[in-house]
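Please keep the sequence and the structure in view while reading.

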Amino acid sequence: MLFSVFNTFVMQAQNLSSPDKNFSLQFKLEQNGVPSYQLTYKGKAVIKPSTLGIEVKNAASFTDGFTVSKTEQATVNTTWEPVMGEEKTIRNNYNELLVTLTQPKNNNRYIGIRFRLFNDGLGFRYEFPKQDGLSYFIIKDEHTQFNLAGDHKIFWIPGDYDTNEYAYTTSKLSEIPALQKKATIEISAQQPIANPSVQTPSMMKSSDGLFINIHEAALINYPAMSLNVDSGFKLSSHLTPDAVGNNGYMQTDAQTPWRTIIVSDKATDILASKLILNLNEPTKYKDVSWIKPTKYIGVWWEYFVAGKSTWAYGKENNVKLTDDFTKLTPNGKHGATNERVMHYIDFAAKHGFDAVLVEGWNIGWEDWIGNWKEEVFDFVTPYPDFDVKKLRDYAASKGVKIIMHHETSGSATNYERRLDRAFQFMKDNNYSAVKTGYVGSIIPRGEHHDGQWMVNHYIHVAERAADYQIMIDSHEAVRPTGLNRTYPNWIAQESARGTEFEAMGGLAPEHTTILPFTRLMGGPMDYTPGIFQTDLTYYKTGGNQRVNTTLTKQLAYYITMYSPLQMAADIPENYERFPDAFQFIKDVAVDWDNTYVQEAEPGDYITIARKAKGKNEWFVGGVTDENSRTAIVPFSYLPAGKKYVATIYADAKDANWNQKPQNYVITKVIVTSKSTLKQFVAPGGGFAISIKEATDADIKAFKKL
């Protein structure tokens, strides 16, 4: 249902409520015609009066001197179906206020600020219609404030123009300036923001029990936003600059991304929110049948931990794409060989996986990182021990796809020049998905991973990939903002600390109880879970590194860390050592009809249940931080009157993330919609449950919960 009400009265203050009346927005002009807004939830202040505006470099700014020339209100209540997702059907229900602001002092130039108030929060953006006297302009800064109502607890990573791969810090807002230096650990290709700042999505909890998440939606043709941390619990927008210090180049008609504020008094509602997706445009792709959820394995983890494989083929460290790579001195540890890849293909086929990712197949890895090198990869030439056609045909004979890998080393110019040739090569050789990577400083030199130029690059890659019916999994790209709705072949992203960091210093047990409230608010994450051999001294490489989880917590990630692209990231030999636990990874779905967020507290624990797309199968995952707990797991979503077998993969009583992490128990019980499970979770642990309809034999064989 859609209807509009046009306000013919010009007023200086406007009010808007959410459809359920829990939210109230007030917009008004402050002294000197400065626009401002405030937001309340159930009578509690979320955003106190906060100013809005865009500062322009080559013209008068959109910051003050405004009058309200027109307001328009509308209500939308519709549903839509994502190509893949956590829900088969998503409701899009909001009340909208569009305020047109005119600047009499600047020849009556005008802009719009559009607010959409949902039952789970607010989205708003600036709009610049075509008009006389406003065509091209350069953004110097955006002055959007989020004036918070108190010294909230916040889960944050430091503001940076080039990386999201920081560990999370939990503190009060007021403590951020003192903690900023400690939180800004050294990472490859970073550019920390000098003043106190945090990245979005930014997750907070107030002392009076409100959960508040600030991010952005539909980041297109605009730099990514971080948040300045100002005095008095005030956050403000901080845009990523380009190589010459500008923040954005605009041509009317134009608009900014949506600024999003998701709020609830229940943490579970934050994880269930679809506000960011709803603020993105539907896809314009006419055919999406080729976009499919994928479960894969890969020649990948062994590069990090096993000490027996490398991306590079040769021992040399100074190569050019024009070199004859058959004349390099083999290092004897190259991972992407015909023999090794065929082993992974065999394993994938045996256990029902869709695809095998192969990294290090192409020339150039000998000196790919740290040299700010432009012509680093060509994306079509294999190493001498990787036979493209042989492996293509072998994979096809086994019913398995190979996932291409395009590491750019940050050289976006090189990648764009070679993009069509690379995608045609993929099409010719039956590759339907590619993992892209942007490790290193960006070329064009001086640009940043999160700047306008690179934002447009990532979208360009997704659009060109769609022309060849190719799916994209991007790593080291700008954090997602719901664009997987508009570009559904942009199937997943990394854009945070994932599993690889377990082999590079480790991740705190609480890390994956925070990520769903932060990074995953913007879209699916290729977290690469499924590590069974968590004590990495097993490989006898001289290090003492470990993955800071129990084995069953790794199983839980397939539910709690949503992605339609899920990797079983460990080495095949490790899965063969634990075939009973591996069964869950083989069984678990990657696309869903329904999601039920059952328990959640950021930084502490999460329990989620999901129904598999088109099947009468359900899966549950629960994770905790460094503390043990008892999870309460109801099964009320199951159809009434029927019995089901729940296979429970759980931590043993003596398990711990750093002691006996591989101790687990598997039990089967009969459950109904009236059943409730009280499940022990070990420190740094988790649990996973698969649920299928019971047969008569099942009912006789297993006890009732």
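A residue is called buried when its relative accessible area is under 20%, exposed when that area is over 50%, and partly exposed in between. Lys435 has a relative accessible area of 6%, and therefore counts as buried. The model described here is predicted. The points below begin with Lys435 and then turn to other parts of the structure.

**Lys435 and its surroundings**

- Lys435 belongs to strand 26, which covers residues 433-437.
- What does the side chain of Lys435 make a polar contact with? The partner is the side chain of Glu359, at 2.6 Å.
- Leaving aside residues up to four places away in sequence, Lys435 touches Trp300, Leu357, Glu359, Ile403, Met404, His405, His406, Asp473 and His475.

- Thr310 is found in the loop between helix 4 (301-304) and helix 5.
- Is Thr310 buried or partly exposed? Its relative accessible area is 24%, so Thr310 is partly exposed.
- The side chain of Thr310 makes a polar contact with the side chain of Asn331 at 3.1 Å, and it also reaches the backbone oxygen of Ala312 at 2.8 Å.
- Beyond residues up to four places away in sequence, Thr310 touches Tyr303, Asn331, Lys333, His334 and Gly335.
- Between Thr310 and His475 there are 165 residues of separation in sequence and 19 Å in space, taken from C-alpha to C-alpha.

**Nonpolar cores and an enclosed helix**

- The largest nonpolar core has 199 residues, of which Phe27, Tyr37, Phe115, Phe146, Ile261 and Phe423 touch the most other members.
- Helix 8 (residues 452-467) supplies the largest share of this core, namely eight residues.
- Another core, of 19 residues, lies apart from it and includes Ala609, Phe635, Ile648 and Val669.
- Ile261 touches residues that include Tyr37, Leu39, Val46, Ile47, Phe124 and Phe146, not counting residues up to four places away in sequence.
- Why is helix 10 (residues 551-560) described as largely enclosed by the rest of the structure? The reason is that 10 of its 10 residues are buried.
- Among the buried residues of helix 10 are Lys553, Gln554, Tyr557 and Tyr558.

**Aromatic rings**

- A pair of aromatic rings is described by the distance of the centres and the angle of the planes.
- The structure contains 42 aromatic pairs.
- Phe353 and Phe582 are both buried.
- One aromatic cluster is formed by Trp300, Trp301, Tyr303, Phe304, Trp311, Trp365, Trp368, Phe377, Phe379 and Tyr415.
- The charged end of Arg485 sits over the ring of Trp80, 3.7 Å from its centre.
- Arg629 lies over the face of Tyr605, at 3.7 Å from the ring centre.

**Salt bridges**

- Side chains of opposite charge can pair when their charged atoms come close.
- How many salt bridges does the structure hold? The number is 29.
- Arg114 and Glu96 form a salt bridge in which the closest N and O atoms are 2.8 Å apart.
- This pair links strand 9 (residues 109-118), where Arg114 is located, with strand 8 (residues 90-103), where Glu96 is located; the two residues are 18 residues apart.
- Arg114 counts as buried at 16% relative accessibility, and Glu96 is buried at 9%.
- Glu127 and Arg125 meet through their side chains in a salt bridge of 2.8 Å, N to O.
- Glu127 is buried at 11% relative accessibility, and Arg125 is buried at 15%.
- A network of salt bridges links Glu96, Arg114, Arg116, Arg125 and Glu127.
- The side chains of Arg464 and Asp420 also meet in a salt bridge, at 2.2 Å from N to O.
- Because Arg464 lies in helix 8 and Asp420 in helix 7 (residues 412-428), this pair ties together parts that are 44 residues apart in sequence.
- Arg464 is partly exposed at 23% relative accessibility, and Asp420 is partly exposed with a relative accessible area of 32%.

Technical notes: Residues numbered from 1 in each chain as written. Predicted model: local features only at pLDDT ≥ 70, side-chain atom pairs only at ≥ 80, totals over all residues. Heavy atoms only, no water. Helix = DSSP H or I, 4+ residues; strand = E, 2+ residues; numbered from the N terminus. Buried < 20%, exposed > 50% of the residue type's maximum accessible area, 1.4 Å probe, protein only. Polar contact = N/O pair within 3.5 Å; in protein donor to acceptor, adjacent residues only side chain to side chain. Contact = heavy atoms within 4.5 Å. Phe/Tyr/Trp six-rings, centres within 6.5 Å; stacked < 30°, edge-to-face > 60°. Lys NZ or Arg CZ within 6 Å of the ring centre and 35° of its normal. Core = buried A, V, L, I, M, F, W, Y, C linked by side-chain atoms within 4.5 Å. Salt bridge = Lys/Arg side-chain N within 4 Å of Asp/Glu carboxyl O.
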